[in-house]
Amino acid sequence: MFKNKKVLIVVSGSVSAYKSASLVRLLIKQGASTRVVMTKSAEEFIPSKTLSILSRYEVLTDLFSSYDREVVHIEWANWADYIFVVPATANIIGKIANGIADDAATATIMASKADKIIAPAMNDAMLNNAAVKRNLDIIKNDGWLIIDPEYGFLAEGYEANGRLQEPEKIIAEASIRLQAKLGKLKGKHIVITAGGTVEALDPVRYLTNRSSGKMGYALARAAVEAGCHVTLITTVDKEDIYGVTKIFVKSTQEMLDQSMIAFKHADIFIAAAAVSDFRPMTYVEHKIKKQDNYPLQLTLIQNPDILKTIGSIKNKNQIVVGFAAETQNIVSYGQNKLNQKNADMIIANDVSNSEIGFSSDDNSVTIISQKYSPKVVTKQSKIKIARIIIDSISEIVNTN
Ligand code: PMT
């Protein structure tokens with residue numbers, strides 16, 4: 001995201017100012033050019049020399065310094081593609097919100113048209129103060145991206161909300177949110193199912209499958225990058241992704257119930273979960289006992305088909321996408337599912353190949369749709385596949 005970009009980092013006076021050094025290093029590692037502006041109080045916490053060496057540039061601390069006869073803060077404001085205010089104190093937040101530009105940091109910020117990201121860090125009581133909350137709201141409405149502080153051990157010696165996010169997280173969240181601002185599916189609500197459903201047999205045993213949820217989570221991330229709000233209905237808990245609301249389920253029936261609720265307000269539905277077609281006819285209240293030399297007979301009944309149910313109730317503005325887990329005749333079986341389930345698109349994948357499909361980090365798919373001829377996507381990471389799938393969905397959405 002920040003490769004070949006010019007990033008200005010504004011550091012204000014907080015104990016967490018030391019983290020700005022890692023932020024500069026990480027941005028340079030990504031290929032960004034960096035410059036740093038510090039407030040007077042930031043200099044109490046981290047020497048400007050450290051940030052100057054890391055950013056490979058003189059650090060700006062004084063509004064009235066000048067070089068090359070330029071007005072420095074204006075030159076720096078115009079130079080920046082992005083401005084990060086990390087860490088941001090209640091004081092600098094108040095100044096930004098109220099248009100006060102009385103030092104190099106705030107004057108540079110005010111003069112710049114760059115995209116702006118701010119990561120507050122302060123005592124929990126200060127964070128909950130009505131004026132700080134009001135100022136953060138103003139900044140948000142002015143178009144700033146706010147990276148909320150996290151819960152953790154504060155300098156005061158107790159755990160509370162207000163700790164600066166780790167620099168890796170600040171960059172990751174900023175990247176995803178900046179991309180989303182330009183995304184092809186900006187503002188759309190997408191519901192995605194992920195993981196393998198779990199059908200209980202007795203209190204300790206269940207039927208399930210080898211789905212890891214990786215494909216579903218990759219789709220959730222790609223959808224956020226494209227600007228969507230995501231509801232992820234999942235049987236597995238993996239990473240948290242900004243912009244994704246996770247709903248945990250176990251059985252097919254639970255996944256269906258949650259899908260029906262979420263789909264009411266959705267623009268797009270993607271069924272990436274591996275759903276059990278059958279479940280035990282009866283749930284046995286206590287652990288089933290072994291009986292010598294007697295085979296145990298299980299009677300399975302059919303589960304509801306989530307994709308088919310959603311396909312049957314979708315309106316003309318809603319897009320429904322399913323997967324097809326096949327071991328042969330991938331395209332023709334995928335095409336059958338497209339029609340049988342009234343889907344707009346089917347992502348067919350070969351689950352007989354252990355290098356792709358279930359649990360692996362990679363996949364290879366054929367995208368089959370009502371509108372376009374089948375498109376083969378060769379083996380690559382699930383996140384890359386997910387971005388291609390989301391791109392194909394956006395073509396349908398934007399020509400609908
Ligand atoms: O989770 P990973 O380890 O990353 O693996 C990814 C995956 C292989 C699980 C994924 O890429 C995939 O293929 N998911 C669909 C698996 C599946 O259930 O396929 P199917 O051909 O049996 O079902 C067709 C479609 O109907 C699927 O969208 C499925 O979610 C849906 N379905 C199936 C049965 C059912 N009762 N209800 C459904 O909604």
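A pocket here is an open set of points on a 1 Å grid over the protein atoms alone, with protein on both sides within 12 Å along at least five of seven lines, and its lining residues have an atom within 4 Å of a point. Ala, Val, Leu, Ile, Met, Phe, Trp, Tyr, Cys and Pro count as nonpolar, Asp, Glu, Lys and Arg as charged, and the others, Gly among them, as polar.

This is a predicted model, where local features need pLDDT of at least 70, side-chain atom pairs count only at pLDDT 80 or more, and totals for chains, interfaces and linings use all residues. Residues are numbered from 1 along each chain as its sequence is written, and side-chain values use heavy atoms, with hydrogens and water left out.

**First stop.** Select Ala 273, Ala 274, Val 275, Phe 323 and Ala 325: of the 39 residues lining the largest pocket, these lie nearest its centre. That lining comprises 17 nonpolar, 16 polar and six charged residues.

**Second stop.** Next, pick out Ala 272, where a backbone N or O atom lies 3.0 Å from a ligand nitrogen. At Ala 273, a polar backbone atom is 2.7 Å from an oxygen atom of the ligand.

**Third stop.** Move on to Lys 169, Glu 173, Asp 240, Ile 241 and Tyr 242, the residues nearest the centre of the second largest pocket. Its lining of 16 residues divides into five nonpolar, three polar and eight charged.

How values were computed: Polar contact = N/O pair within 3.5 Å; in protein donor to acceptor, adjacent residues only side chain to side chain. 1 Å grid on protein atoms, 1.4 Å probe; cavity = no way out; pocket = protein on both sides within 12 Å on 5 of 7 lines; lining within 4 Å.
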